[in-house]
Amino acid sequence: MNESDSEDSDSNWQDASSESSNSTEDSEAVWSAAFGGDMEQSSDEEEDQIQIPHHSTHEVYASSVESDQSDAEKPDQLLIRQLWGVAGGGVLDKRRIMSRLVPNGHGQTVLTTDAKPYCAQFSYDGSMLYCATQDFKLHIMDTTRGFRSAATIDAAPGRWTITDCDLARDSRTLIYASIHDTVYLVNLSHFVDSGMRDSTGTNDHIPLSLGGDFGVWSVRLSDDGREVVAGCSDGLIFVYDIETRQVIHQVQGHADDVNAVTFADLSSNVLISGSDDSIIKVWDRRSSLPAGKPAGVLTGHTEGITFITTKDRDGRTAVSNGKDQTMKVWDLRKMLEYGTVKSREACAVDLGTNFDYRWQPYPRRAGARKHPFDVSVATFTAHSVLRTLIRCHFSPASTSNRYLYTGSSDGSVYIYDPVAHPSGGPPLKVLKSQSTSSAREEASDAELQLRMLLTRAGEGSSERNFLMRLLRQQRRAEESCARDVAWNPNEPTIVASMWRGDVGSLEAFEFAS
């Protein structure tokens with residue numbers, strides 16, 4: 001850890017609007033017009049006075065998806081760009097603006113996929129949206145003006161699905177993985193240089209073999225794009241050097257599958273891993289990792305970890321989702337040092353229920369169980385982490401990373417405000433998918449067949465009970481599920497990877513006054 005970072009952890013959640021800035025009279029005038037009052041005031045009454053020109057979200061996305069009208073500008077987005085321009089390059093002023101513009105509209109479909117989307121994120125500069133689907137397709141969208149489908153790339157064959165993908169900071173390298181021991185690299189340099197118009201060469205994929213018989217659940221590129229960290233089945237963690245095509249580190253890091261890994265800092269010296277053993281481990285490549293031991297552990301979840309990420313790789317703040325239906329925030333400086341009596345006792349705690357999160361609801365009795373060595377700094381519980389490995393994130397730097405947001409198995413996107421609730425609390429916003437509200441309007445053929453069989457089964461019979469369980473599972477499989485979520489780094493728009501049965505879509509939720 002960086003010992004120079006000695007500020008109190010509560011400063012991680014400092015409200016962007018409290019930051020000092022040298023605002024010009026022009027910028028204050030624009031803020032006043034946009035927010036109906038002084039920015040320093042934040043009452044609900046003043047929030048209701050927002051006077052930003054409104055335009056139909058449906059009309060905006062319909063026009064941008066159906067035709068490539070690059071000159072068209074959304075009125076709300078136009079004002080946002082004007083606000084940024086008036087801020088005169090002042091980072092603090094811009095963050096004050098963006099921290100107030102939280103996506104609040106209903107989801108509008110920007111891409112329909114023939115299979116479930118497992119992950120989708122914006123590029124670092126916000127100009128590109130990339131998505132990986134279960135039918136081994138990589139979808140890339142140009143997001144410089146609305147959403148334009150720019151390329152669909154056939155991925156190398158794998159098992160079951162593309163489990164994860166990641167884009168380099170310069171958008172020129174894309175990696176993806178499946179349930180086998182090879183990570184693939186796609187060179188997007190020509191595609192990027194052509195303004196995302198010429199996808200020639202994007203089907204030439206370079207295999208990065210980790211060597212073995214296991215599946216890869218999570219992959220991340222280092223900040224310089226030279227290394228890959230991979231979390232795999234059987235508790236394995238790998239660090240791979242792209243230039244030399246060699247595995248640098250291989251460690252048996254956990255007692256169960258490693259569902260999530262990430263580089264914690266920009267130097268790539270610190271790694272974090274989360275596993276189905278319910279433990280998050282912090283690794284230091286300069287000391288603990290070569291020895292096969294973590295530098296420390298973060299305990300608090302009582303079921304498996306589905307995802308973990310950091311706040312812009314600041315080396316100290318992380319957020320995770322767990323199958324215990326909680327999202328937890330961590331200060332890495334509060335980790336338990338590995339090998340101490342306390343860390344051994346914390347890792348030995350087993351409160352797992354062995355429920356199958358893919359099909360079963362979380363046992364109610366388990367919700368009251370608290371880990372006796374919970375070192376997290378905040379816990380949020382309104383969303384649902386079922387059916388798949390639901391992902392969560394910090395809002396981008398343009399919002400001062402103020403918010404936490406996550407997908408949910410109920411098909412909604414949940415946004416939390418740790419500034420208002422430093423130790424955890426209700427969501428600030430719940431964004432509803434269009435497909436969520438209409439998911440049960442029509443019964444599928446499979447459901448109709450099960451209903452017919454139920455009419456013939458005897459009341460209270462084992463056959464009827466079995467069919468009822470099948471019917472509940474079928475209904476659940478057809479409901480919407482938001483697996484991954486992505487917040488545009490430049491605009492108040494969140495895109496969610498939505499499941500609906502065996503197909504899916506990307507749905508955009510934008511700020512609308």
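Mentor: Let us begin with pairing: two strands pair if DSSP finds at least two bridges between them. Helices (H or I, at least four residues) and strands (E, at least two) are DSSP runs, numbered from the N terminus. This is a predicted model, where local features need pLDDT of at least 70 and side-chain atom pairs count only at pLDDT 80 or more, while totals for chains, interfaces and linings use all residues. Residues are numbered from 1 along each chain as its sequence is written, and side-chain values use heavy atoms, with hydrogens and water left out.

Trainee: What makes strand E1 (residues 108–113) and E29 a pair?

Mentor: At least two bridges are required, and E1 and E29 are joined by 5, running antiparallel. So they count as paired. One example is Leu111, whose bridge partner in E29 is Leu506.

Trainee: How do you know that strand E28 (residues 493–500) pairs with E29 too?

Mentor: By that rule again: 8 bridges link E28 and E29 in the antiparallel sense. Met498 has Ser505 of E29 as its bridge partner. These two strands form a hairpin with 2 residues between them, and there Gly501 takes a positive phi near 65°.

Trainee: Why is E29 described as largely enclosed by the rest of the structure?

Mentor: Because 7 of the 8 residues of E29 (residues 503–510) are buried. Buried means under 20% relative accessible area, exposed over 50%, and partly exposed in between (1.4 Å probe, protein chains only). In the chain of 513 residues, 55% count as buried.

Trainee: What makes a group of residues a nonpolar core?

Mentor: Such a core is a set of buried Ala, Val, Leu, Ile, Met, Phe, Trp, Tyr and Cys residues joined through side-chain atoms within 4.5 Å. The largest has 22 residues, of which Leu138, Ile140, Leu174 and Tyr176 touch the most other members. Elements giving two or more residues to this core include E3, strand E4 (137–142) and strand E5 (148–154). A second, separate core of 18 residues includes Ala177, Val219, Val228 and Tyr240.

Trainee: Which residues does Leu138 touch?

Mentor: Beyond four places in sequence, its contacts include Cys131, Thr152, Leu174 and Tyr176. The C-alpha atoms of Leu138 and Thr152 are 5.6 Å apart, although 14 residues separate them along the chain.

Trainee: How many residues of each class line the second largest pocket?

Mentor: Its lining has 12 nonpolar, 8 polar and 7 charged residues. Here Ala, Val, Leu, Ile, Met, Phe, Trp, Tyr, Cys and Pro count as nonpolar, Asp, Glu, Lys and Arg as charged, and the others, Gly among them, as polar.

Definitions and conventions:
Contact = heavy atoms within 4.5 Å.
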